[in-house]
Amino acid sequence: MAQLTALDAQFLNFETATNVANIAGLAILDGDLNRSDLQELLTQRLPHVAAMRRKLAPVPLGLDHPYWVREDDLDLDYHVREIGLPPPGDDRQLAEQVSRLHARRLDRHRPLWEIYLIHGLSGGRMGLYTKIHHAAVDGVGGADVLAALLDLTPTPAPPPEGEPEPDEPAPGWAAMVGRALTRLAANPAQAVRFAARAVPHLDEIPVVSKVPGVELVSGLARRVAGAGDAPGLPALPAPRTPFSGPISAHRRFAFVSLPLEEIKQVRKAFDVTVNDVVMAVCAGGLRGWLAAHGGVPDGPLVAGVPFSLRERGPGNQVAIMTAPLAVHVEDPVARLEQVQKSMNRIKERFSLAPARWLREFSESMPAALMGLASRSAFGLVGQTAPPINVGISNVPGPQFPLYVCGARLLTHYPVSVITDVSGGVNITCFSYDGSLDVGVVTDRDMIPDAWEITDRIRDALDELRNEAFRDKP
C-alpha cells in the first residue's frame with residue numbers, strides 16, 4: 001500500500017471530458033505477436049512491476065489523496081486487447097486508430113493501464129499500443145515499465161528471481177479518515193514552509209512568473225538567502241497561435257523516425273548538444289506549420305520542457321520548465337543558436353536549484369481542495385492566458401535492438417498529453433537503436449492533420465544537415 005503524492009493526484013484531478021492524462025507508446029514490431037504469449041509474459045513479469053498491478057483506493061469524502069492497493073485478481077483479458085486494421089493497413093490508419101484509443105479515459109476501478117495488439121499492419125508488421133495513466137508514472141517511469149516487458153534477445157528471459165516486494169494492505173476507512181485529518185491539521189504549517197522556500201523561485205513557475213515584479217522579488221530573496229545570482233529566466237508571454245486555448249475531446253497522432261546519426265552530425269558541426277538539435281528541429285517544424293496556417297508570431301513560442309527529478313521510488317518525479325522556442329527566427333542556424341542559449345540558461349538555473357516547487361506547492365494544499373482547484377485553474381488559465389504553447393520532451397533510450405515475445409521492436413513512438421494550459425500540440429521524442437522516434441499529438445479541431453507537422457520536422461532536420469555540410473565536399 002502506498003499513497004499517491006499530491007503531484008500524482010494532480011493528474012487525476014485535472015481530468016475532464018477533454019483533458020485526459022494518458023501517456024502511452026506505440027511500438028512497431030517485426031512480426032505478428034500472439035495475444036496468449038503476451039498474456040503469459042505479463043503473468044510472469046507484472047508481479048514485479050508495481051505500477052501495473054495496483055489500483056486506486058479513494059479516501060472517503062475525498063479528504064485525502066487516494067492510495068495504491070494491490071489488485072489480486074488482475075483480469076488480463078480486459079487489459080490486453082486485440083484490434084485489426086482493414087487493408088491496406090498503412091501508417092496513417094494505424095495513427096488514426098491510436099488517436100481514438102488515446103482520447104479514451106481509463107477505468108479508475110481497475111489498474112490504470114491497457115495494451116492493444118493492432119494486427120493488419122502492412123509489411124508483416126504489427127502495432128503494440130501501451131497506455132498508462134500519468135498518475136502512476138512519469139515519462140521516465142513509463143519507459144521503465146516498457147523495459148520490464150522487453151528482452152535483449154528473441155528468446156524471452158526467465159521470470160525474475162525472488163518474490164516481489166509485498167504490498168501492505170490498504171487501511172480501513174477509519175484509518176484513512178484519521179490520517180487525512182492529521183494531514184489537514186498540518187497543512188497550514190506546510191504552506192508556510194513552502195512559501196519560505198518558494199519565494200526565491202517564483203520566477204520559475206509558469207503562471208506566477210508573468211506577474212509584474214516577481215522576477216525582482218525572487219532575485220532579492222535569493223541574495224538574502226545567500227544563494228547568489230542565478231541566470232535570469234525569460235518572462236515571455238505565450239503568443240496566441242491556432243493551437244492555443246481550450247482543447248476538444250478528440251486527438252490526432254502522427255509519427256516519424258529520424259536517423260540519430262544525422263542529428264549527431266548536426267550536433268558535431270555546430271558544437272551543440274543532441275537535445276539542442278532536437279529542440280531546434282521541433283522549432284523548425286512548428287515554424288513551417290505556422291507559416292502555412294495563420295502566420296509565424298513576431299516572437300518565440302513558449303515550450304514546456306519536462307526535467308526529470310527522479311532519484312528512487314514510484315510516481316511522478318518531474319518538473320516543467322518553460323523555454324523560448326525560436327520559431328520566429330528564419331535562418332535555421334541562427335534558430336539553433338537561439339535554442340542553445342535558451343537551454344543553457346535553463347540548465348544553469350536548474351542545476352543551482354532543482355525545480356521541486358510544483359511538488360511542494362501541491363503538498364501544501366489540502367487534498368480536499370485539490371480537485372476543484374486543479375479543474376478551476378485549468379479552465380480559467382486555458383481560456384484566458386495559457387502560459388505554454390507546446391510541450392516538447394526528449395527521452396533517451398537504448399541503442400540496441402529489443403524484443404517482445406520474440407518479435408523485434410523496430411520503433412517506439414511516444415504518445416503524450418495535451419491540455420488546455422499546455423496547448424494543443426505535444427512533441428515527444430524517444431531515441432532507440434539508431435533512430436529518434438518522434439510522436440506528435442494534436443487537438444483534432446486545432447490541427448486536423450498532425451502528419452503535416454511530422455513532415456516539416458523531417459524537413460527541418462534536412463535543412464540543418466544541409467547547412468552543416470554546406471562547405472564540405
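**A tour of the predicted model**

Colour the chain by pLDDT before selecting anything: this is a predicted model, with an average pLDDT of 82 and a score of at least 70 for 73% of the residues.

Two stretches deserve a look at this stage. Select residues 189-196, where pLDDT stays under 50. The model gives residues 189-196 seven contacts beyond four places in sequence. Next, select residues 364-370, which also have a pLDDT below 50. Residues 364-370 have 20 contacts in the model beyond near neighbours in sequence.

Now switch to a cartoon of the whole chain. It shows 13 helices and 15 strands. Of the contacts with a separation of 6 or more, 79% are between residues 24 or more positions apart. Of the 473 residues, 53% count as buried.

**Aromatic rings**

Show the side chains of Phe, Tyr and Trp. Across the whole structure there are six aromatic pairs. Zoom in on one of them, Phe253 with Phe255. A pair of aromatic rings is described by the distance of the centres and the angle of the planes. For Phe253 and Phe255 the centres are 5.8 Å apart and the planes stand at 40°, which makes the pair tilted. Phe253 and Phe255 are both buried.

**Two arginines at Tyr78**

Arg110 has its charged end over the ring of Tyr78, 3.8 Å from the centre. Arg81 also lies over the face of Tyr78, at 4.4 Å from the ring centre.

**Cysteines**

Finish by selecting the cysteines. How many disulfides does the structure hold? The count is zero. Centre on Cys429, which is in no disulfide. The cysteine sulfur nearest to Cys429 belongs to Cys282 and is 4.6 Å away, whereas a disulfide requires sulfur atoms within 2.5 Å. Is Cys429 buried or exposed? Cys429 counts as buried because its relative accessible area is 1%, and the limit for buried is under 20%. Compare Cys405, the last stop: its relative accessible area is 21%, so Cys405 is classed as partly exposed.

Definitions and conventions. Residues numbered from 1 in each chain as written. Predicted model: local features only at pLDDT ≥ 70, side-chain atom pairs only at ≥ 80, totals over all residues. Heavy atoms only, no water. Helix = DSSP H or I, 4+ residues; strand = E, 2+ residues; numbered from the N terminus. Buried < 20%, exposed > 50% of the residue type's maximum accessible area, 1.4 Å probe, protein only. Contact = heavy atoms within 4.5 Å. pLDDT = per-residue confidence, 0-100. Phe/Tyr/Trp six-rings, centres within 6.5 Å; stacked < 30°, edge-to-face > 60°. Lys NZ or Arg CZ within 6 Å of the ring centre and 35° of its normal.
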